Amino acid sequence: MAQDAKSSKLRRNRSTVTHKIGYALTHPARVVPYLRRAARDAWLRLKHPDHVGYYRAVMASDTRRNPEAAVGSQTHERWLALGQMQFDYLIEHGLRPEHRMLDIGCGNLRGGWRFIDYLDTGNYYGIDISPDILIAAKKTLVERDLQDKLPHLTLTGDLTLDFLPSRHFDIIHAHSVFSHSPLKVIEECLAHVGRVLTDTGYFDFTFDRTEGVEHQVLREDFYYRTETLLQLADKHGLHGRFMDDWENRPHGQSKIRVSRSPLPGPGREDEAQRQSLARGSAV
Ligand SMILES: C[S@@+](CC[C@H](N)C(=O)[O-])C[C@H]1O[C@@H](n2cnc3c(N)ncnc32)[C@H](O)[C@@H]1O
């Protein structure tokens, strides 16, 4: 039964009029907020034809109201839980204090503050397209008393990663970023991320998965098939795999891991990846 519900969710095309009418009938209270959001987004798209400019304006508007909601958490408890989920997952997958981490689309440090706290001083790099959310990130840093960890928080206009050194990062992470990105932005990232990864490092990203037609809603939420993203990684010389063990977490998005070296086979990945990261050798 639960499997049927999941499978139907994965086939849903939220951009169709039929879906929208059905949704409106079952969630009448959400109709007015949706229409307000659609009108605001249409105006912002008119002012900012490029996606990054548009999404930066969306973030500015959302962050003004509530930075935690702007990164997708409607309550502080959920904000804490989502950060903890990201942190626990990477710890289970071998993250160690001496690793250097790049957090793409770090937001207001929902996961970031935990990584900053855990990693050795100076080993956390967070980048984001939104100046407003980076100001909120600095507030989180102060609230958590983490100034001494000297994290790097940098505004970026693209994902070429050109200002970062080659073969530098052990772990690169993008949580709920590609779920808000057109394919062009994802491809830009995949085309360049290999350069800044160490030989044994990996890049994990979440995405909104569909098993039906790829679609987007309000240019805010994008739904991709797993094979589209794996093929894109392959096109840019990266090894990619779908992370089954992320599916058990109460998140709703899926996760792909890409790396410069081949990834270990299913079932052995956690231990092998941990050992590989510990040895600093490819698996
Ligand atoms: C849903 S929030 C998630 C934030 C953070 N990763 C977390 O889990 O709390 C998405 C973040 O990605 C940023 N973002 C969206 N597109 C981006 C891009 N192309 N490059 C860098 N950051 C981006 C947004 O500004 C926003 O802060």
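View 1. Phe-163 is exposed, with 9 other C-beta atoms within 10 Å (a residue is buried if 20 or more other C-beta atoms lie within 10 Å of its own, exposed if 12 or fewer, and partly exposed in between, with C-beta atoms placed from the backbone). The model is predicted, so local features need pLDDT of at least 70 and side-chain atom pairs count only at pLDDT 80 or more, whereas totals for chains, interfaces and linings use all residues. Residues are numbered from 1 along each chain as its sequence is written. Phe-163 belongs to the loop between β3 (152-155) and β4 (169-174); helices (H or I, at least four residues) and strands (E, at least two) are DSSP runs, numbered from the N terminus. His-239 is 76 residues from Phe-163 along the chain, and the C-alpha atoms of the two are separated by 24 Å.

**View 2. The shell around the ligand.** The ligand is surrounded by 24 residues, of which Gly-105, Gly-107, Arg-110, Ser-130 and Ser-176 are the closest (a residue counts as near if its C-beta atom, placed from the backbone, lies within 6 Å of the molecule). Two or more residues of this shell come from each of α4 (51-65) and β2 (124-128), and α4 gives the most, with three residues. By class, the shell holds 12 nonpolar, 10 polar and two charged residues, where Ala, Val, Leu, Ile, Met, Phe, Trp, Tyr, Cys and Pro count as nonpolar, Asp, Glu, Lys and Arg as charged, and the others, Gly among them, as polar.

**View 3. Helix α4 against helix α8.** Helix α8 (residues 131-143) packs with α4 at an angle of about 40°, their axes being 7 Å apart; axes are lines fitted to C-alpha atoms, for helices over the stretch in contact, and angles run from 0 to 180 degrees between N-to-C directions. The two helices α4 and α8 are therefore oblique to each other (under 35 degrees counts as roughly parallel, over 145 as roughly antiparallel, 65 to 115 as roughly perpendicular and the rest as oblique). Met-59, Ala-60 and Thr-63 of α4 meet Asp-132, Ile-133 and Ala-136 of α8, with contact taken as C-beta atoms, placed from the backbone, within 7 Å.

**View 4. Val-58, a buried residue of α4.** Val-58, which has its place in helix α4, is buried, with 21 other C-beta atoms within 10 Å. Leaving aside neighbours within four places in sequence, Val-58 is in contact with Asp-41, Leu-44 and Glu-220. Asp-41 lies 17 residues from Val-58 in sequence and 7.3 Å from Val-58 in space, C-alpha to C-alpha.

Note on methods
Two residues are in contact if their C-beta atoms, placed from the backbone, lie within 7 Å.
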